[in-house]
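Please take a moment to look over the two chains before reading on.

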Amino acid sequence: MRSPSDLLAHSAMISQLAQTPPGPSGKKKLIYDQDHRGPLSTDTVATLMLLQADKIDLLGICTVSCDMWAKQETAYALRLLEIMGRPEIPVYMGAQEPLLNTKAEAQMRYQMFGSRSLGNEGYLGCFAKDAAGRDEVAPLPPPYNRFARIKAQPEPAADFIIRTIRANPNEVTMYCGGPMTNLALAVMLAPDIVPITREVIFMGGGIHHSTSSVNVYFDAEAAKIGVRAPWPKFTLVTTDLAEQVHMQDDGKVDAIVERAHSPIADLFREYEQKPQRANPQRRSFRMPDEMMAAHAINPSIFTGYDDMYIDIVTHNDGHYGDTSFWDANWKDEGGELSGQNNPSLKAGRVQVLNGIDKKRFRELFTDLMTRPIK
Amino acid sequence: MTTTRREFIKTVGAAIASSQIPPQPAAMGEAAAPLPPPGPAAQQSAAKRKVIYDQDNSGPFGTDILGTLMMLQADSIDLLGITLVTGDAWMKQEMAYTLRLLEMMGRTEIPVYPGAEFPMLNTKEEWQLRQQLYGGHRLDPWMGAFNRANGGPNEIKQLPPPYDRPANLKAQQDHAARFIVRTVRDNPGQVTLYAGGPLTNLALAIALAPDIVPLVHEVVIMGTGFHVFTNAFNIFFDPESARKVLRAGWPKCSIVTLDIAEEIHEGDEIAPGRRMIEEIAARAWSPISELFQMHAVEPLRRDPNLHFFRMADEMIAAQVIDPSAFTKSEEMYVDICITPGPRYGDSMFWAKNWQAVPEAGKSVSAADRRVFVDPRQFYLGPPPSAGLVRVLQEIDRDRFKKLFVDLMTKPIRKA
């Protein structure tokens, strides 16, 4: 019997990832859609990377509920732009709730079917039992200190996405670091944006480490819409890949605290170095969103991708939000496997990043964090 | 080969009459038996009721179009806009019919907004496979835009008489969901949402702007059922959107179930020897008379065995125009099954007072016994996120038919 890893090996693609050509402005146009958890998290660090990268034209930041509620995330995003001196970047608050999933049901599913069993995959973000309410906005700790003076745009994130992609056909890269609720709404409202989007980068799901992650099972219906749409290019960072690099590996944090400028140094000192020193057993988080940012900034850091089919389970049970993958080179060649290895009827196509040059990733990451604030 | 009821109605017309009955002369209408006066909401009032009409407006004739005609004709209605959604037909085909219908009715001031072209998740191919896997829907096999014989979302078929040609009138640029959000915010507490098709546009609107939910005056929805069948087209075409909309917690959400919609059919007799559609064809003004003549009366003559369709959308219109036509309603919890299995799109209802225990010594009717059960023994309540809605349960048939015939036969309303 063939295992999924055999299938992967079978379909391993020769890396064809050339440096993505820049747009006419010389910069890659990017919409940054994120469940922007503060004060510091994989979400926030990816934001810092994209703010610091020279070749990125950050058209706007969209927020979406998951790690936190969208209102709280928006407060963090706005103030982060202020303390980074980038108040010109517009922030759009996106979906406050998933398309259908609710906190009560998420809790009951866990009671009935058990939580997700691997590592921290049981994480429910703002649907956690003791999480704050949807409209509560807690004060921001140092170095944020206070709420921003700049305000979020009045337009919903989905409308901004539609308008921007239409105005820049074939040029916009969609970075989706949270659930795909905003993207799914945009696709439902305007299916015409799909073929004129340059690339969608998404983090979620996995084959070996875990069959899902919160970005998918927080809003499985949106994920299904997102992955099934026929994007010209849909790139996925799986939990398998993200697990390969953790924040505290190789002394990155100490190097950043030592060499970075304010406020990045303050953020890393306060929220990575101090907790780690106080508790050496602390398991720092993997770097999923940073990997997505790295892919947006310099895709040649990744060793290659596997062409695959992907689909999402939306049954309201213990498998809600699971991801399923199939080899894209699948052919029904008859014989004993005939009819046994085909993808689902409406599966989407995805390029699953299958390896990362850890050394170059570390160099890129440390460079972006320690260079002068842009 | 037998044709299913709904296909038949959609292709040939909306009603049936015995071919022995001659067309009714206009004068016959005057002899109609006196009916109770219309309710207060139907009377001309200073403030007209503001309505957004969301519909899968499948032409040339049928329950969707008749609901539209009622709303166009009612003097008490301020029709703020028509929003279209793929359902009975593809949205673009519906657009062609709707724009031309407004031209024929001389109501080109009403803006028409294009809405969702596809359901949230459901697809034609998966639906067909589900039918193979779990069995088809024996009672109501209609798949609307997904009917096997239908083309794709961009195919626009030529409009038959009396539509005759494409409209000069153009659709608005804005998406239906955005129009709904904007309009509800501009008219807080005043807008009634008529939802005559799948609930995709409404689901999109409340996903974009959850703040509009408490600002809506009333939502009237067609779909779901307990007895006739639990699986209604408007719901199972897009169950995920239906779940979202029914759970939203509107100030007032009224549902026309299939149970009540089945009670009255378009070709029913309204008086001994007189069928409703013939009465209307004879007495109505152009273009309503032509629509009834060409798409109801003539098909009946060709085939006396033609089935009538139920008056589902007309009942939503009645609830908006004259709610006193409905004599009984009950608040209930509702939820929609979205598990992609044999029950995908089924509706489930729970009594609002499921926790009630009968008073000691008080007799309990057999009908109430289902509800009045000791909650310490059984949990009979709804799931945690089910929506509370008002289910219309009884209709004054005579009043409803009079309202319908009056609206169809009165002079065409001016803008």
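## A walk through the structure

A:Asp250 is partly exposed, because 14 other C-beta atoms lie within 10 Å, a count that falls between the 12 or fewer of an exposed residue and the 20 or more of a buried one. The model in which this residue sits is a predicted one, and within that model A:Asp250 is found in the loop of chain A between helix H9 (239-242) and helix H10 (252-259). Most residues other than glycine have a negative phi, and most peptide bonds are trans.

A:Asn145 belongs to the loop of chain A between H4 and helix H5 (157-167), and with 10 other C-beta atoms within 10 Å it is exposed. In chain B the points to look for are peptide bonds: the bond from B:Gly59 to B:Pro60 is cis, with omega near 0 degrees, and the bond from B:Pro161 to B:Pro162 is cis as well, with omega near 5 degrees. B:Pro60 lies in the loop of chain B between strand S1 (49-55) and helix H3 (63-73), while B:Pro162 has its place in the loop of chain B between helix H5 (124-134) and helix H6 (176-186).

From these loops we can turn to chain A as a whole. Its secondary structure comes to 13 helices and nine strands. The radius of gyration of chain A is 20 Å, close to the 21 Å that the globule rule gives for 374 residues, so the chain is as compact as a globular protein of that length. Along the principal axes, the C-alpha atoms of chain A fill a box of roughly 65 × 45 × 45 Å, and 50% of the 374 residues count as buried. Of the contacts in chain A with a separation of 6 or more, 81% are between residues 24 or more positions apart.

How are the strands of chain A arranged in their sheet? Nine strands form an open sheet with mixed pairing, in the order S3-S2-S1-S4-S5-S6-S9-S7-S8. Strand S3 (91-93) and strand S8 (323-327) of chain A stand at the edges, each with a single partner strand, so that one side of each is left without a neighbour in the sheet. From one strand to the next, the twist averages 30 degrees.

Within this sheet, strand S1 (residues 28-34) and strand S4 (residues 172-176) of chain A pair in the parallel sense over five bridges, and A:Leu30 has A:Thr173 in S4(A) as its bridge partner. Strand S5 (residues 199-203) of chain A runs parallel to S6(A) and is joined to it by four bridges, with A:Ile201 partnered by A:Thr235 in S6(A). On the other pairing, S6(A) and strand S9 (residues 348-356) of chain A are parallel and share two bridges, and A:Leu236 stands opposite A:Val352 in S9(A).

In a regular strand the side chains alternate between the two faces of the sheet. Both faces of strand S6 (residues 234-237) of chain A are covered, for A:Phe234 and A:Leu236 on one side and A:Thr235 and A:Val237 on the other are all buried. Helix H12 (residues 288-297) of chain A lies across several strands, including S5, S6 and S9 of chain A, and runs at about 160 degrees to S5(A).

In chain B, which residues does B:Val405 touch, not counting residues up to four places away in sequence? They are B:Ile270, B:Met276, B:Glu279 and B:Ile280. B:Val405 lies in helix H15 (residues 397-409) of chain B and counts as buried, because it has 20 C-beta neighbours inside 10 Å. Helix H11 (residues 276-283) of chain B has eight of its eight residues buried, so it is largely enclosed by the rest of the structure.

Finally, consider the complex and the confidence in it. In the contact between the chains, 23 residues of chain A meet 24 residues of chain B, and the residues on the side of chain A divide into 13 nonpolar, five polar and five charged. The predictor gives the complex an ipTM of 0.80 and a pTM of 0.84. Chain B averages a pLDDT of 86, and 83% of the residues score at least 70, but over residues 1-45 of chain B the pLDDT is below 50. Where pLDDT is low, the predicted coordinates should not be read in detail.

Terms used
Residues numbered from 1 in each chain as written. Chains lettered and ligands numbered in written order. Predicted model: local features only at pLDDT ≥ 70, side-chain atom pairs only at ≥ 80, totals over all residues. Pairing = 2+ DSSP bridges. Rg over C-alpha atoms; globule rule 2.2 N^0.38 Å. Contact = placed C-beta atoms within 7 Å. pLDDT = per-residue confidence, 0-100. Nonpolar A, V, L, I, M, F, W, Y, C, P; charged D, E, K, R; others polar. Axes fitted to C-alpha atoms, helices over the stretch in contact; angles between N-to-C directions.
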